[in-house]
Amino acid sequence: MNIKEYMRHTRKIIGVGPNFKAFRAQKGITHEKDPLLFLKTPGSLTNERDIFLSPLLTEFICEVEMAVIIGQDAKHVAEHEAASIIAGYAIANDITASAHFNSGRFKMFDQMTPIGAVAAIEDPCNVDLEMWVNGSLIQKDNTSNLLFSAHWLVSHISSMAKLMKGDIILTGTPANPLACQIGDVIELRSPQLGNHKHTIHQEL
């Protein structure tokens with residue numbers, strides 16, 4: 001099943017706050033408490049090469065991440081059972097409306113989660129992630145450096161809310177996410193997940 005088929009079923013997207021160790025260090029977060037979780041709307045998902053952001057997004061940050069695609073409904077999933085409910089993984093851009101942090105709207109806008117194709121991988125703990133903006137390498141890391149693994153996150157989140165087919169978990173971004181602009185060309189690259197390129201436009 002391709003990513004657009006899963007997107008038709010998506011009811012929720014769960015994002016994870018600082019999870020890469022280098023990004024936590026950059027933010028001055030040294031503790032190992034449970035990660036910050038937040039929700040994005042299904043309307044934020046797009047697989048297109050051209051994305052159109054609201055003119056209300058006067059500032060926005062681009063962040064490469066590994067997305068976990070849930071393949072079946074499940075709740076209270078043990079960490080060692082997590083792989084059994086995962087349909088695959090994808091590369092994604094978890095865009096943040098940085099000017100709207102204080103209003104709670106920083107993840108609500110449409111087309112703020114560009115996502116690539118579904119990939120079947122054996123080890124989600126060894127996935128290379130890169131983000132290139134206008135031809136320059138901005139972010140680079142490997143999921144071996146996540147504090148909370150993909151399988152742990154599936155188990156943790158399923159203890160609170162039922163995960164359903166098509167739901168997506170965004171596992172966290174490497175250090176150095178970038179404030180981008182209208183017109184920027186974003187390339188998300190991963191040997192394991194594949195590449196996804198998109199250009200940012202302003203919604204008319």
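Me: Is E130 buried or exposed?
Reply: E130 is buried, with a relative accessible area of 17%. Buried means under 20% relative accessible area, exposed over 50%, and partly exposed in between, with a 1.4 Å probe and protein chains only.

Me: What kind of model is this?
Reply: This is a predicted model, in which local features need pLDDT of at least 70 and side-chain atom pairs count only at pLDDT 80 or more, while totals for chains, interfaces and linings use all residues. Residues are numbered from 1 along each chain as its sequence is written, and side-chain values use heavy atoms, with hydrogens and water left out.

Me: Back to E130: which residue forms a salt bridge with E130?
Reply: The partner is K140, and the closest N and O atoms are 2.8 Å apart. A salt bridge here is a side-chain nitrogen of Lys or Arg within 4 Å of a carboxyl oxygen of Asp or Glu.

Me: How many salt bridges does a search of the whole structure find?
Reply: The search finds seven. One of them joins K4 and E48, at 3.3 Å from N to O. K4 lies in helix α1 (residues 3-7) and E48 in the loop between β3 (45-46) and β4 (50-53), so this pair ties together parts that are 44 residues apart in sequence.

Me: What is the relative accessible area of K4?
Reply: For K4 the value is 37%, which is partly exposed. E48 is also partly exposed, with 41%.

Me: Which residue does E187 meet in a salt bridge?
Reply: E187 meets R189, at 3.2 Å from N to O. E187 is buried at 19% relative accessible area, whereas R189 is partly exposed at 28%. Elsewhere, salt bridges that share partners join K40, D94 and K107 into one network.

Me: Changing topic: in what order do the five strands of the open sheet run?
Reply: The order is β2-β1-β11-β6-β7, with mixed pairing. Two strands pair if DSSP finds at least two bridges between them. The edge strands, each pairing on one side only, are β2 (37-40) and β7 (86-93).

Me: How many bridges are there between β1 and β2?
Reply: Strand β1 (residues 13-16) pairs with β2 over four bridges, in the antiparallel sense. I14 stands opposite L39 in β2.

Conventions. Helix = DSSP H or I, 4+ residues; strand = E, 2+ residues; numbered from the N terminus.
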